[in-house]
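Here is a briefing on one structure. Please look it over before reading the points below.

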Amino acid sequence: MDWGKVLFIFFILMSLTSTVGFLYDQSLVMLFIAGGVNLLSTILKVGVRSFMSAELMAASLVADLHLIPAFIYMQVFDNINVAVALALGAVVANIVSIVFVAIESIKSYNDYN
């Protein structure tokens, strides 16, 4: 078992689930956790050389650039509607990341056999 890949996929899934958790709870703490986990996921993708590494990094940056402004809108402007809308965009970007990881896993499985 490749523990590096396990950790990598763990943080991608944790990014998605924590953002969905914010959509359920809509608290500033949940949004902070979602943004923090997503930033960790992005940092883990730096330097990865794989079949779809550029696509994974782009999707992760999209999620970051949704969650950071969402936090600002919720904290500074007290506008939860915009924060939720941006978090939904981050959820879509994280789902795309998971699809890319699945495609990459299928390709590496086919290359192995």
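This is a predicted model: local features need pLDDT of at least 70, side-chain atom pairs count only at pLDDT 80 or more; totals for chains, interfaces and linings use all residues.

**Packing of α2 with α3**

- α2 passes α3 in a left-handed crossing.
- From α2, the contact is made by Leu28, Leu31, Phe32, Ala34, Gly35, Asn38, Leu39, Ser41, Thr42 and Lys45.
- From α3, the residues in this contact include Leu56, Met57, Ser60, Leu61, Ala63 and Asp64. Leu67, Ile68, Ala70, Phe71, Met74 and Gln75 are also among them.
- By class, the contact of α2 with α3 has 14 nonpolar, six polar and two charged residues.

**Packing of α1 with α2**

- Two packed helices are described by the angle between their axes and the distance between the axes.
- Helix α1 covers residues 3-25, and helix α2 covers residues 28-45. Their packing angle is about 160 degrees, and their axes are 8 Å apart.
- That angle makes α1 roughly antiparallel to α2.
- α1 passes α2 in a left-handed crossing.
- On the α1 side, the residues that meet α2 are Leu7, Phe8, Phe11, Ile12, Met14, Ser15, Ser18, Thr19, Gly21, Phe22 and Asp25.
- On the α2 side, they meet Met30, Leu31, Ile33, Ala34, Val37, Asn38, Leu40, Ser41, Leu44 and Lys45.
- By class, the contact of α1 with α2 has 13 nonpolar, six polar and two charged residues.

**Nonpolar cores**

- In soluble globular proteins, nonpolar side chains tend to be buried together.
- How many residues are in the largest nonpolar core? It has 13 residues.
- Those with the most contacts inside this core are Phe22, Leu31, Leu67, Ala70, Met74 and Ala83.
- The elements that give two or more residues to this core are α2, α3 and α4. The largest share, six residues, comes from α4.
- Ala70 touches Leu31, Ala83 and Leu86, not counting residues up to four places away in sequence.

**Phe8 in α1**

- Phe8 is in helix α1.
- Is Phe8 buried or exposed? Phe8 counts as buried, because its relative accessibility is 14%.
- Phe8 touches Leu44, Lys45, Leu56 and Val101, not counting residues up to four places away in sequence.
- Phe8 and Thr42 are 34 residues apart along the chain, and their C-alpha atoms are separated by 9.7 Å.

- Ser18 is placed in helix α1. Its relative accessibility is 6%, so Ser18 counts as buried.
- Leaving out residues up to four places away in sequence, Ser18 touches Met30, Ile33, Ala34 and Val37.
- Asn94 lies in helix α4. Its relative accessibility is 2%, so Asn94 counts as buried.
- Which residues does Asn94 touch, not counting residues up to four places away in sequence? They are Ser15, Leu16, Thr19, Asn38 and Ala63.

**Ile103 in α4**

- Ile103 lies in helix α4. At 39% relative accessibility, Ile103 counts as partly exposed.
- Ile103 and Met52 are 51 residues apart in sequence. C-alpha to C-alpha, Ile103 and Met52 are 8.5 Å apart in space.

**Loops with a positive phi**

- Most residues other than glycine have a negative phi.
- Gln26 is not a glycine, yet has a positive phi of about 55 degrees. Gln26 is found in the loop between α1 and α2. Gln26 is partly exposed, with a relative accessible area of 34%.
- Asp78 is not a glycine, yet has a positive phi of about 50 degrees. Asp78 lies in the loop between α3 (53-75) and α4 (80-112). Asp78 is exposed, with a relative accessible area of 68%.

Definitions and conventions: Residues are numbered from 1 along each chain as its sequence is written. Side-chain values use heavy atoms; hydrogens and water are left out. Axes are lines fitted to C-alpha atoms, for helices over the stretch in contact, and angles run from 0 to 180 degrees between N-to-C directions. Helices (H or I, at least four residues) and strands (E, at least two) are DSSP runs, numbered from the N terminus. Angles under 35 degrees count as roughly parallel, over 145 as roughly antiparallel, 65 to 115 as roughly perpendicular and the rest as oblique. A crossing is left-handed if the near helix is turned anticlockwise from the far one by less than a right angle, and right-handed if clockwise. Contact means heavy atoms within 4.5 Å. Ala, Val, Leu, Ile, Met, Phe, Trp, Tyr, Cys and Pro count as nonpolar, Asp, Glu, Lys and Arg as charged, and the others, Gly among them, as polar. Buried means under 20% relative accessible area, exposed over 50%, partly exposed in between (1.4 Å probe, protein chains only). A nonpolar core is a set of buried Ala, Val, Leu, Ile, Met, Phe, Trp, Tyr and Cys residues joined through side-chain atoms within 4.5 Å.
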